Amino acid sequence: AVTATDFVQLALLSICVIATAFLTLHHVGGISNFISQLPDSHFDFFRPLGSIKYDWLYVISALFYGVYQKNSIVFGAAKYIMARDDKAARKSVWIPLIGYAVLPLFWFIPAAGAFIVVPDLMESFSQFKNPAEASFIAVCMTLLPTGMLGLMVAALFAATMSSMDTGLNINAGFLVKNIYQPLINPKASEMQMQRMGQIATIVCGMIMISLAILIVKGGSFSLFDAYLYLNAYIQAPLTVCMFMGMMTRRTPAWSAWLSIAVGMSTTLLLFNVVPIPAVEQRLIPIFGETFINYLQTNKFTFTNLITVPLTTLVFFLSRYAYKRADSPPSKARYDKDLDEFSRRVDTPVDFESEVGGDNSGHQAILIGTMCMGYGCSMALAVLIPNTPLERVVIFCCAAAMFSLGSIMRWKGKKITT
């Protein structure tokens, strides 16, 4: 159910974003005028190190970390588990690959052209600590036809909700299966674990709401920086372990905990200890003033250059401490679980014998019908008073959604017959 709604939300949001990018280019007079009116600084991709917070070294290091993030068992590769079999999973790789290559172009056009479309952006959104963060929505408010802005906002909230509910569900599962069941109540029934999962979901949700309020009300940094701080302290070490756990399986039971502790400690050292004046003065003669200053101004680069590689190294080296043994019983049970995990990972999926009852055709028909319904609903917005061009844009968005649904229904019927 979550995956089906995610697909519809992705289609709806992508269509609205493409329409916004088209209206932005039309408003400024085409691609050539758009490029000519952009500030020259927008094209300075390789500025001197440290001259801006997110320089070229950060971008390159972020790509390096992205390999871990998008292929870890939880934060990226989990989507491939939902595929029918190995062949379908390999085909599904093309979807995010093409999406990451194409869709960012349409996301960046409105944001990059915000100061052209909305020249008084900084003044209009001066109530925000970082008015530039409103650039995309400011362009939407200015250019989208009447009726489409609400659709865009609904799509943005729906896409955010789809990520949030999945994240809360995953975290609750982690807490119940890795802490509550093995450490607190080993004989817990399914009902007890479900109740604890519900409690864990509420607790995690309240924690995230509290963090969001603190960031918005009292934070001195942008939302993007807030995400990078959480990533540096928590998610990066977790991601490395979730990635390396598939690649290096013969490790002790404590290897992930040690790697996470090292990763979090490294971030704490870089972000909180090194900036202390007394520590900084002692490090300058060793590493040089340029390096220490760069660490202060571009700290998130070091998350990717130091924290991630060091966590990886610790996890990899822990494999040399792994030794198979038949006793104590807990050790033998761990070896048995590890062998079973490796066997399941290495065994190709035989859908017919393991699952059977292929209903992918019915799923395609159902999701296609949902898309067609959305397309028909969007088409009603043509009746709202707008300029002819704006009505054409609305009609094209509705037609794209309806066509996508029609293709899926056709494909689903072809499979079922």
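Predicted model: local features only at pLDDT ≥ 70, side-chain atom pairs only at ≥ 80, totals over all residues.
Me: How many disulfides does the count come to?
Reply: A disulfide requires a pair of cysteine sulfur atoms within 2.5 Å. For Cys16, the nearest cysteine sulfur belongs to Cys397 and is 5.8 Å away. For Cys241, the nearest is that of Cys204, 19 Å away. The count of disulfides comes to zero.

Me: Is Cys241 buried or exposed?
Reply: Buried means a relative accessible area under 20%. The relative accessibility of Cys241 is 9%, so this residue counts as buried.

Me: Which residues does Cys397 touch, not counting residues up to four places away in sequence?
Reply: With residues up to four places away in sequence left out, Cys397 touches Ile15, Ala19, Met148 and Met378.

Me: To which backbone oxygen does the side chain of Ser135 reach?
Reply: Ser135 lies in helix H9, which covers residues 135-143. Its relative accessibility is 10%, so Ser135 counts as buried. Leaving aside neighbours within four places in sequence, Ser135 is in contact with Ala111, Ala114 and Leu121. At 3.1 Å, its side chain reaches the backbone oxygen of Ala132.

Me: What is the angle between the planes of Trp107 and Phe136?
Reply: Trp107 in helix H6 and Phe136 in helix H9 are 29 residues apart, and their pair links distant parts of the chain. Trp107 is partly exposed at 31% relative accessibility, whereas Phe136 is buried at 12%. The ring centres lie 5.2 Å apart, and the pair is tilted, with an angle between the planes of 40°.

Me: Which residue lies over the face of Phe271?
Reply: Phe271 belongs to a cluster in which ring pairs link it with Tyr229, Tyr233 and Phe300. A charge sits over a ring only if, among other conditions, its end atom is within 6 Å of the ring centre. At 5.3 Å from the ring centre of Phe271, the residue over its face is Lys299.

Definitions and conventions:
Residues numbered from 1 in each chain as written. Heavy atoms only, no water. Buried < 20%, exposed > 50% of the residue type's maximum accessible area, 1.4 Å probe, protein only. Helix = DSSP H or I, 4+ residues; strand = E, 2+ residues; numbered from the N terminus. Polar contact = N/O pair within 3.5 Å; in protein donor to acceptor, adjacent residues only side chain to side chain. Contact = heavy atoms within 4.5 Å. Phe/Tyr/Trp six-rings, centres within 6.5 Å; stacked < 30°, edge-to-face > 60°. Lys NZ or Arg CZ within 6 Å of the ring centre and 35° of its normal.
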